[in-house]
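Subject: Structure handover

Hi,

Please look it over before you read my notes.

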Amino acid sequence: MAGRIPQAFIDELLSRTDVVDVVDSRVKLKKAGKNYSACCPFHNENTPSFTVSREKQFYYCFGCGASGSALKFVMEFDGLSFPDAVEKLAASVGLDVPRDQQSQDMVRQQQEQDPLYRQLSHSSDFFSRQLRQHGQRQRAVDYLKSRGLSGKAAKFFAIGYAPPGWDNLLDALGHTPGDIKQLITSGMLIEKDDGRCYDRFRDRIMFPIRDIRGRVIAFGGRVLGDEKPKYLNSPETPIFQKNKELYGLYEARKIRQKLNRLMIVEGYMDVVALAEYGIHYAVATLGTATSEHHLRRLFKMVPELIFCFDGDAAGRTAAARAMETVLPILEDGLQARFLFLPDGEDPDTLIRQEGKEAFEQRLNQSRHLPEFLFDHLKQQVDFDSLDGKARLDQLAAPLISKIPRGTLRDLMTAELEKQLGVQSRAMNKINSADDDHTPPASQNHQPAIERHPHSDNVPAWLDDDTTDTSHPYNNQTGQSGSDNSSASDSQRMVAAVERALSALIRNPALASQLDPVDFEPLTEREQLLLEVMKKLHQSPQSSSVGLLIQWIGTPFHTELTRLANHNETPVRPVLAEVGNAIKRLCARQTEREYQSLLARYQHKESRRQMSADDIKQLKTYQRQRRELTAGRGDIYLNNPHQR
């Protein structure tokens with residue numbers, strides 16, 4: 001019987017595969033220096049931010065953070081599981097996939113569980129038929145319509161109806177003693193002391209709970225009125241442990257989309273209603289608090305989780321518990337955020353009131369974990385007093401110390417000391433104790449390769465110059481002026497971009513004072529500036545810490561951190577530094593048109609062939625250039641034809 005795929009074969013497969021060929025067969029790539037680029041296939045964009053490196057056998061998107069090897073790309077783009085992606089990639093290079101043999105225990109377990117999966121699948125089909133055919137189905141249909149659900153959503157989530165009565169499912173599926181035993185074991189029937197059985201779910205809307213492979217493993221049932229309990233879940237069975245499963249996770253992965261984040265809500269109806277309005281990345285726990293197992297599982301799929309809670313005191317207490325659960329899991333590159341809803345609202349009602357765009361705006365403005373942690377603790381102390389700040393140090397340090405050692409923990413420690421105004425003695429004490437218990441490293445120890453939590457191997461993208469020298473801007477012809485002039489212009493542009501990046505990173509709030517921009521970047525530095533602007537418009541930040549957290553786990557975090565800490569000048573960053581660079585970058589796109597018109601105008605023969613509109617356009621360009629060069633750092637001053 002088939003078993004696991006040997007790791008040695010996976011390594012061999014990747015060595016025989018070219019990521020450029022794999023991606024290019026699905027998304028048309030364009031050469032860009034040493035690398036290749038395209039508009040990202042995993043999110044909507046107009047300017048290419050998706051880069052593929054043949055040298056490093058790796059792809060990375062500046063916009064959404066998608067990254068990985070050829071195998072990861074096939075999984076994400078084709079929507080395949082890991083084994084299926086290996087099969088497909090192996091077939092493309094003419095390899096047969098070997099399998100390790102399963103143990104006898106695994107074979108026995110599979111033989112015991114397969115009948116349970118079949119009975120639960122039959123149960124789901126039964127409930128779906130009742131929603132369409134049962135004599136009392138209209139009550140259930142009217143309820144679903146009153147909650148804003150369409151038939152399409154009900155079908156996608158396989159929502160059904162368990163009609164009133166004690167033996168509907170029993171009569172439909174319990175044909176033999178073996179069938180009845182399987183239905184009892186799978187939680188669909190309840191066995192009385194005298195050996196008789198009856199249906200567990202009666203007169204309820206039925207929500208199938210599916211595992212990551214799409215198999216039905218349990219059900220949740222909701223009453224149509226105000227009866228108690230409002231929700232009834234399947235009991236735990238050999239194939240269902242409620243503290244390890246999440247409702248809606250299979251459906252979220254089923255949608256052909258790149259999952260960048262997942263939102264954790266409380267109820268099935270919240271998940272379904274959000275999907276109805278186009279938010280397909282919500283999941284719900286099954287009557288339990290979010291567990292560490294849940295979080296580790298979700299963080300293997302996405303780099304960002306958003307917890308959704310009521311805005312009242314109970315909701316904030318639950319959020320604090322969730323925060324403590326997630327802290328030990330927050331490796332660099334992972335983010336947790338907290339969304340607090342208005343009083344009396346839940347995701348189901350709120351999405352119906354304000355729609356997808358407004359709701360996603362709430363998500364984008366939800367609080368990052370560091371902000372929530374400090375705000376939550378400040379409410380417990382008198383922060384305006386010295387002893388209150390000392391108390392904050394004692395409360396915050398144990399929580400921060402739960403975070404794995406890395407950039408995020410260092411940033412949180414720095415933020416704590418910034419708020420205290422002095423070094424954190426509590427953190428120093430914890431760090432000293434940790435160091436005392438850390439065994440010395442072996443002299444022969446080889447440092448592990450640092451890996452992005454959602455990729456196979458993140459390359460050092462900033463260690464080489466990938467500027468495309470074939471680009472017209474970098475290899476200009478037909479322009480007046482000396483080579484020294486072109487070099488000087490280029491140096492001024494580089495300096496302007498550098499100042500803009502530094503200003504934005506040290507004072508991210510500047511981005512909110514500028515309109516969204518879209519220009520054609522010609523260097524990685526310009527690309528980085530564009531992506532920083534995009535991220536800040538999508539999720540505004542008021543401090544460098546918040547901005548840097550957005551970039552943890554990307555190849556650019558180290559460089560952005562260096563810029564954030566670059567304090568050679570005490571001058572506060574100003575908006576003009578950013579606006580000036582953006583204006584020049586946008587204006588550059590029309591520069592080639594201007595140079596072409598100017599070259600025609602300077603030659604008598606071609607000037608006679610110019611139309612009145614051509615002359616008018618040339619004058620417009622000249623006026624725009626004069627306005628642009630009126631500022632400092634003029635990149636055009638050395639052009640002898642500038643008037």
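**Ground rules**

This is a predicted model, in which local features need pLDDT of at least 70 and side-chain atom pairs count only at pLDDT 80 or more, while totals for chains, interfaces and linings use all residues. Residues are numbered from 1 along each chain as its sequence is written, and side-chain values use heavy atoms, with hydrogens and water left out.

**Overall**

The chain has 25 helices and 16 strands. These are DSSP runs, numbered from the N terminus: helices are H or I with at least four residues, strands are E with at least two. Of the 643 residues, 48% are buried. Buried means under 20% relative accessible area, exposed means over 50%, and partly exposed lies in between (1.4 Å probe, protein chains only).

The accessible surface of the chain is about 32300 Å². Carbon and sulfur atoms hold 47% of that surface. Areas come from the Shrake-Rupley method with a 1.4 Å probe; for residues, only the protein chains shown count as cover.

Now the contacts (heavy atoms within 4.5 Å). Among those with a separation of 6 or more, 67% are between residues 24 or more positions apart.

**Backbone points to check**

Most residues other than glycine have a negative phi, and most peptide bonds are trans.

- The peptide bond from lysine 228 to proline 229 is cis, with omega near -5°. Proline 229 sits in the loop between strand 10 (216-223) and strand 11 (231-233).
- Glutamine 57 has a positive phi, near 50°. Its loop joins strand 3 (50-53) and strand 4 (58-61). Glutamine 57 is partly exposed, at 28% relative accessible area.
- Aspartate 203 also has a positive phi, near 55°. This residue lies in the loop between strand 8 (197-199) and strand 9 (204-210). Aspartate 203 is partly exposed, at 22%.

**Salt bridges**

The count is 22 salt bridges. The rule is a side-chain nitrogen of Lys or Arg within 4 Å of a carboxyl oxygen of Asp or Glu.

Glutamate 304 and arginine 337 form one of them, at 3.4 Å from N to O. The pair ties together parts that are 33 residues apart in sequence, because glutamate 304 is in strand 14 and arginine 337 in strand 15. Are these two residues, glutamate 304 and arginine 337, buried or exposed? Both are buried.

Arginine 362 bridges to glutamate 354, with the closest N and O atoms 2.7 Å apart. Arginine 362 is partly exposed at 28%, and glutamate 354 is partly exposed at 27%.

Glutamate 498 pairs with arginine 562, with the closest N and O atoms 4.0 Å apart. Glutamate 498 lies in helix 19 (483-506) and arginine 562 in helix 22 (557-564), so this bridge ties together parts 64 residues apart in sequence. Relative accessible area is 24% for glutamate 498 and 40% for arginine 562. Both residues belong to a salt-bridge network that links Glu498, Arg525, Glu559 and Arg562.

**Negative patch**

Which residues form a negative surface patch? They are Glu266, Asp310, Asp312 and Asp343. A patch is made of residues with over 30% relative accessible area and no salt bridge; like charges are joined within 9 Å, and nonpolar side chains (Val, Leu, Ile, Met, Phe, Trp, Tyr) within 5 Å. Asp and Glu count as negative, Lys and Arg as positive; His and the chain ends are not counted. The charge is placed at NZ of Lys, CZ of Arg, CG of Asp or CD of Glu.

Aspartate 312 is in the loop between strand 14 (304-310) and helix 13 (313-326). At 35% relative accessibility, aspartate 312 is partly exposed.

Glutamate 357 lies in helix 14 (347-364). It is exposed, at 71% relative accessibility. Glutamate 357 and tyrosine 277 are 80 residues apart in sequence, yet 9.6 Å apart in space, C-alpha to C-alpha.

Helix 15 (369-378) has these buried residues: Leu369, Pro370, Phe372, Leu373, Phe374 and Leu377. Their cover includes helix 13, strand 15 (335-341), strand 16 (367-368), helix 16 (386-400), helix 17 (407-420) and helix 21 (544-551).

Best wishes
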